[in-house]
Amino acid sequence: MKKYNVAVVGATGMVGRKMLQVLEERGFPVKEFYPFASSKSAGTVVEFDKRKYTVIELTEANVRARKIDIALFSAGAGVSEKFAPLFAENKCVVIDNSSRWRTDPEVPLVVPEVNPKDVDKHKGIIANPNCSTIQAVVALAPLHKKFGIKRIVYSTFQAVSGAGVGGFSDLENGIKGIAPKKFPAPIFGNCLPHIDVFEPDGYTKEEKKMIFETKKILGDDSIKITATCVRVPVYYGHSESINVELNTPAELDKVRSVLAKAHGVMLMDDIEKGVYPTPLYAENRDEVFVGRLRKDDSADNAFNMWVVADNIRKGAATNAVQIAEILAKK
């Protein structure tokens, strides 16, 4: 099996460290490994595949000095804007977890269970979608393929880890009565309908991301979508209430059957036994869990479902590694 020189940019961050873990767990064929981070973290040590590696400062000289085949980025949009093209110029394929390239029409936005062939369109950079979008489209894509989707209403309940270490710390500190530093209001014992910044029309950037990215990944601009995104006091795992209106009539049993057979989906839907997905159950797992499936009698061909996934794994690190696996197979 061919092996690849792999870099993780942002290797000391929450998602970066999870990328290391997932690469190791899935046995990705790594020849040489290069962990990059900012000057603040350079010189520290990370462990990967039972070896210790010194973190390399992310500079143009340090990038050009190394032959890298695949680079997983999780260091923010500014870093990606500056350094992703530099890696790509050196014949490396960048899989970027930031928001920088997702809206670029020249950059594929990929969820391997949904649109793996879009990887072929890359010109050196592939965008990893928003965590809340990834789990949603894994559940929605098989329904869109079978019945067509007319409209989607998203209501999300997103974990603090989606805001990085600062969000995680705000919840831990809030339990102790310490004021928040990352969020605009306390998150402990609270819910904040405010993820990312507000746009002039009243939507947040997070909500706009879900709307745009869903259409791009499913390849259908005709779908009507609205979203409300809420931060909740949960450490890991995003939960989503999704109302979906189909183009063609479908019985509940048929919808259930499609989801039960869908790649990457685990159906947990037995209300008589109290079976439905929760963030704690999904933590550190890669599946997208679906439950509370039921017909919405207020609209034609409409259904409700509850969708849960680990936002740091499937919503970020695992999805990126899965894209790398597609590249390796090609």
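Q: How many cavities of 30 Å³ or more does a search of the whole structure find?
A: This is a predicted model: local features need pLDDT of at least 70, side-chain atom pairs count only at pLDDT 80 or more, and totals for chains, interfaces and linings use all residues. Residues are numbered from 1 along each chain as its sequence is written, and side-chain values use heavy atoms, with hydrogens and water left out. On a 1 Å grid over the protein atoms alone, a cavity is a set of points where a 1.4 Å probe fits but cannot get out. The search of the whole structure finds one.

Q: What volume does the largest cavity have?
A: A volume is the space filled by probe spheres set on the grid points, which are joined across faces, edges and corners. For the largest cavity that gives about 30 Å³.

Q: Which residues line the largest cavity?
A: Lining residues have an atom within 4 Å of a point. Here they divide into four nonpolar, one polar and one charged. Ala, Val, Leu, Ile, Met, Phe, Trp, Tyr, Cys and Pro count as nonpolar, Asp, Glu, Lys and Arg as charged, and the others, Gly among them, as polar. The lining is Val63, Arg66, Ile68, Phe87, Asn90 and Cys92.

Q: Which helix gives the most to the lining of the largest pocket?
A: A pocket is an open set of points with protein on both sides within 12 Å along at least five of seven lines. The largest pocket holds about 1,100 Å³ of space, and its lining of 42 residues has Gly76, Asn97, Gly162, Ala163 and Gly164 nearest its centre. Helices H1 (14-25), H3 (77-89), H6 (205-218) and H9 each supply at least two lining residues; helices (H or I, at least four residues) and strands (E, at least two) are DSSP runs, numbered from the N terminus. The most, three residues, comes from H1.

Q: Which element gives the largest share of the lining of the second largest pocket?
A: This pocket has a volume of about 310 Å³. Its lining has 14 residues, with Glu113, Val114, Ala141, Pro142 and Lys145 nearest the centre. H4 and H6 are the elements that give two or more of them. The largest share, five residues, comes from H4.

Q: Which strands does helix H4 lie across?
A: An open sheet of six strands with mixed pairing has the order S10-S9-S11-S14-S13-S12; two strands pair if DSSP finds at least two bridges between them. Its edge strands are S10 (224-231) and S12 (265-267), each pairing on one side only. H4 (residues 131-147) runs at about 25 degrees to S11, where axes are lines fitted to C-alpha atoms, for helices over the stretch in contact, and angles run from 0 to 180 degrees between N-to-C directions. The strands it lies across are S9, S11, S12, S13 and S14.

Q: Is Lys314 buried or exposed?
A: Lys314 sits in helix H9 (residues 313-329). It touches Val111, Pro112, Glu113, Ile134, Val138, Asp286, Val288, Asn319 and Gln322, not counting residues up to four places away in sequence; contact means heavy atoms within 4.5 Å. Buried means under 20% relative accessible area, exposed over 50%, partly exposed in between (1.4 Å probe, protein chains only). Lys314 has 1% relative accessibility, so it counts as buried.
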